[in-house]
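Take a moment to turn the model around on your screen before reading on. We will walk through it together, one region at a time.

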Amino acid sequence: MAKPPHLMTLADLSVSQIRNILTHSLRLKKISTEYLSPIAPRPINARLLKSPPQQSLSHSTIAMLFSKRSTRTRVSAETAAVLLGGRALFLGRDDIQLGVNESARDTARVLGGMCQGIFARVGDHSEIEELAEHSPVPVINALSSLWHPTQILADLLTLHEEPALQAEPSEKTKGPHAQLAPLKPL
């Protein structure tokens, strides 16, 4: 059986794959804005509400393995899973026996037998490597002691959304940023 694709570091992705992820993320962000906005006394764009994001995680459960807690990462990952038609199964340090009574190998096999993906926020990078080595489903590194590829992707998207970074440098621009080429639109 072929190994599933894992995201341990950005080095696991080609430049083309990174560009595709950012382009898709930007599209999803634009589509999802109306769904994610708090209820407000403004009119909601009914056209957008009739066309939700593609349900690419329909009938899928994503195990969210969090050895290290993070409110923003948990809320955004759970929201994204639901928005894409899936379920997020949060498993905190106190919910499972990883490293106590169960090895990462056993945990990867159990989760991979019942879930379609693992989104893991761990301590030491060796934990995520062991999960990926034994998992029959894709593993995404949401944070390890060495890498944080999901944060880097989010930061790249933010940079691409900044209009000032897409403009040609003006003659008035001085300093270290004067030599930076503008970002190409996604």
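Let's start with Arg 74, which is partly exposed, at 30% relative accessibility. This is a predicted model, so keep in mind that every value here is computed from it. The side chain of Arg 74 meets that of Glu 78 in a salt bridge, with 2.7 Å from N to O. Where do Arg 74 and Glu 78 lie? Both belong to helix α3, which covers residues 71–83, and they are 4 residues apart, about one turn of the helix. Like its partner, Glu 78 has a value between the limits of 20% and 50%: Glu 78 counts as partly exposed because its relative accessibility is 24%.

Why might such a pair form at all? Side chains of opposite charge can pair when their charged atoms come close. How many salt bridges does a search of the whole structure find? The search turns up 2. Besides the pair in helix α3, there is one between the side chains of Lys 29 and Glu 161, at 3.0 Å from N to O. Lys 29 sits in helix α1 (residues 15–36) and Glu 161 in helix α6 (residues 149–161), so this pair ties together parts that are 132 residues apart in sequence. Lys 29 is partly exposed, at 42% relative accessibility, and Glu 161 is partly exposed too, with a relative accessible area of 32%.

Now step back to the whole chain. It contains 6 helices and 4 strands. Starting from the N terminus, you can trace the elements in the order α-α-β-α-β-α-β-α-β-α. Of the 186 residues, 34% are buried. The chain exposes about 12100 Å², and 58% of that comes from carbon and sulfur atoms. Sequence distance is worth a look as well: among contacts with a separation of 6 or more, 61% are between residues 24 or more positions apart.

Next, follow the loop between α2 (46–49) and β1 (61–66), where you will find Ser 56. Ser 56 is partly exposed, at 47% relative accessibility. Its C-alpha atom is 9.4 Å from that of Leu 83, a residue 27 positions away along the chain. His 59 is found in the loop between α2 and β1 as well. His 59 counts as exposed, at 74% relative accessibility.

Is Ser 67 buried or exposed? Ser 67 is buried, because its relative accessible area is 17% and the limit for buried is under 20%. Leaving out residues up to four places away in sequence, Ser 67 touches Arg 93, Leu 98, Arg 121, Val 122, Gly 123 and Glu 127.

Which residues form a negative surface patch? They are Asp 124, Glu 129, Glu 130 and Glu 133. One of them, Glu 129, is found in helix α5, residues 125–134. Glu 129 is partly exposed, with a relative accessible area of 44%.

Technical notes
Residues are numbered from 1 along each chain as its sequence is written. This is a predicted model: local features need pLDDT of at least 70, side-chain atom pairs count only at pLDDT 80 or more; totals for chains, interfaces and linings use all residues. Side-chain values use heavy atoms; hydrogens and water are left out. Patches are made of residues with over 30% relative accessible area and no salt bridge: like charges are joined within 9 Å, nonpolar side chains (Val, Leu, Ile, Met, Phe, Trp, Tyr) within 5 Å. Accessible areas come from the Shrake-Rupley method with a 1.4 Å probe; for residues, only the protein chains shown count as cover. A salt bridge is a side-chain nitrogen of Lys or Arg within 4 Å of a carboxyl oxygen of Asp or Glu. Lys and Arg count as positive and Asp and Glu as negative; His and the chain ends are not counted. The place of a charge is taken as NZ of Lys, CZ of Arg, CG of Asp or CD of Glu. Helices (H or I, at least four residues) and strands (E, at least two) are DSSP runs, numbered from the N terminus. Buried means under 20% relative accessible area, exposed over 50%, partly exposed in between (1.4 Å probe, protein chains only). Contact means heavy atoms within 4.5 Å.
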